[in-house]
Amino acid sequence: MAVQAREHAPAAPEGRAPSAYAGSRDRPAGGFELWSWLFMRISGLVLLVLAVGHVLIMHVLDEGVDRVDFGFVAARWGSPFWRTWDWALLVLALIHGINGLRVIVQDYVRWPGARLAVNMAFYVIGFVLFVLGTVVVFTFDPNAWPAVT
Amino acid sequence: MAKRKSDFGTLYKGSPGQWSWLAHRITGLAVILFLFAHVVDTAVVGWGPEAYNRVVDVYHNWVVKLMELGLVAAVLYHAINGTKIMLFDFWPSTTRYMKGLSLASTGLFLLAMLPITWIMGESILNSAGIL
């Protein structure tokens, strides 16, 4: 592709919708990339509560991670509210993060075969962690170890 | 040779956006890589108190706590900068104030890190046996 002469408002790259304001950012024009673009923002909004809340509660407030042990998790997951919170966080953070990895891989891994391999590796890791996390969040029963709780 | 200017300033791609773009990437990458490990260490809770307490004890080491402070900073930066991105993308007219809003979001992040560093710093020094 020829080098383009740049005007004050750069033209939108191929596949991107031109933005209305000179300084504003382009977004994907349609298809999967537009859904991905939208998902990152909507899930980001939810993660603003779920992830930031989780980090503040578990790592900063009230002794932070010092107080976390088996008994703490058992008490916390005694409430369906926290089980649901943690599961929603697990799912959204995994999809948001792995889609972010896909965007980064798009920028730095140019050869299509390698790109597919790296992306597939992340998808597999993501799926395995989703299954592992889901099973543990919903089947965990501290009464299996009555001596501690 | 005359100094060449890009559309956005004198630096290569140079607007505040170039640095926040990089920081957003690095913090996002750090958080997802940590999440991979974190799902596994939390899942150990399903193997009982002895196994879980041994794993979670790693988090009580002061060097790990130092990295934990980095993790909290990464999540917080990514969250605040992400909010700024949403503002620009959903209300494009706000990009007129891009410089000011970039400054404000960075300021908000640094301001939030002050008490967090104080609280977590105390815990780090405690674990290191200094306090």
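Over all chains, the structure holds 7 salt bridges, a salt bridge being a side-chain nitrogen of Lys or Arg within 4 Å of a carboxyl oxygen of Asp or Glu. The model is predicted, so local features need pLDDT of at least 70 and side-chain atom pairs count only at pLDDT 80 or more, while totals for chains, interfaces and linings use all residues. Residues are numbered from 1 along each chain as its sequence is written, chains are lettered from A and ligands numbered from 1 in the order in which they are written, and side-chain values use heavy atoms, with hydrogens and water left out.

**Confidence**

- The model scores ipTM 0.81 and pTM 0.82.
- Chain B has a mean pLDDT of 86, and 89% of its residues reach 70 or more; pLDDT is the predictor's confidence in each residue, from 0 to 100.
- Among the elements of chain B, the lowest mean pLDDT belongs to α2(B), at 90, and the highest to α3(B), at 93.
- Where pLDDT is low, the predicted coordinates should not be read in detail.

**Chain A: overall make-up**

- Chain A contains 4 helices and 2 strands, in the order β-β-α-α-α-α from the N terminus on. Helices (H or I, at least four residues) and strands (E, at least two) are DSSP runs, numbered from the N terminus.
- Of its 149 residues, 38% count as buried. Buried means under 20% relative accessible area, exposed over 50%, and partly exposed in between (1.4 Å probe, protein chains only).
- Among contacts in chain A with a separation of 6 or more, 56% are between residues 24 or more positions apart, where contact means heavy atoms within 4.5 Å.

**Chain A: salt bridges**

- Side chains of opposite charge can pair when their charged atoms come close.
- R102(A) and E33(A) meet through their side chains in a salt bridge of 2.9 Å, N to O. R102(A) lies in helix α3 of chain A and E33(A) in helix α1 of chain A, so the pair ties together parts that are 69 residues apart in sequence.
- R102(A) counts as buried because its relative accessibility is 9%, whereas E33(A), with a relative accessible area of 31%, is partly exposed.
- D86(A) and R76(A) form a salt bridge of 3.0 Å, N to O. This pair links helix α3 of chain A, which holds D86(A), to helix α2 of chain A, which holds R76(A), across 10 residues.
- D86(A) is buried at 12% relative accessibility, and R76(A) is buried at 11%.
- R67(A) and D62(A) also meet in a salt bridge, at 3.7 Å, N to O.

**Chain A: two loop residues**

- D62(A) sits in the loop between α1 (31-60) and α2 (70-76) of chain A. Its phi is near 50°, a positive value in a residue other than glycine, and D62(A) counts as exposed at 58% relative accessibility.
- V109(A) is in the loop between α3 (80-108) and α4 (112-139) of chain A. Leaving aside residues up to four places away in sequence, V109(A) touches A114(A) and R115(A).
- From V109(A) to N119(A) is 10 residues in sequence and 9.9 Å in space, C-alpha to C-alpha.

**Chain B: overall make-up**

- Chain B has 4 helices and 0 strands.
- Buried residues make up 44% of the 131 residues in chain B.
- Of the contacts in chain B between residues at least 6 apart in sequence, 60% join residues at least 24 apart.

**Where the chains meet**

- The contact involves 45 residues from chain B and 48 residues from chain A.
- About 3,800 Å² is buried between the chains, with 75% given by carbon and sulfur atoms; buried area is the accessible area (1.4 Å probe) that two parts lose on being put together, summed over both.
- In chain B, R25(B), F36(B) and D89(B) lose the most area to chain A, together 15% of what that side buries.
- Between chain B and chain A there are 3 salt bridges. One of them joins R25(B) to D107(A), with the closest N and O atoms 2.7 Å apart.
- α3(B) gives the most to the side of chain B that touches chain A, with 14 residues.
- H60(B), in the loop between α2 and α3 of chain B, touches residues including V65(A), D66(A) and V68(A), not counting residues up to four places away in sequence. A polar atom of the H60(B) side chain lies 2.8 Å from the backbone oxygen of V65(A).

Note on methods. Polar contact = N/O pair within 3.5 Å; in protein donor to acceptor, adjacent residues only side chain to side chain.
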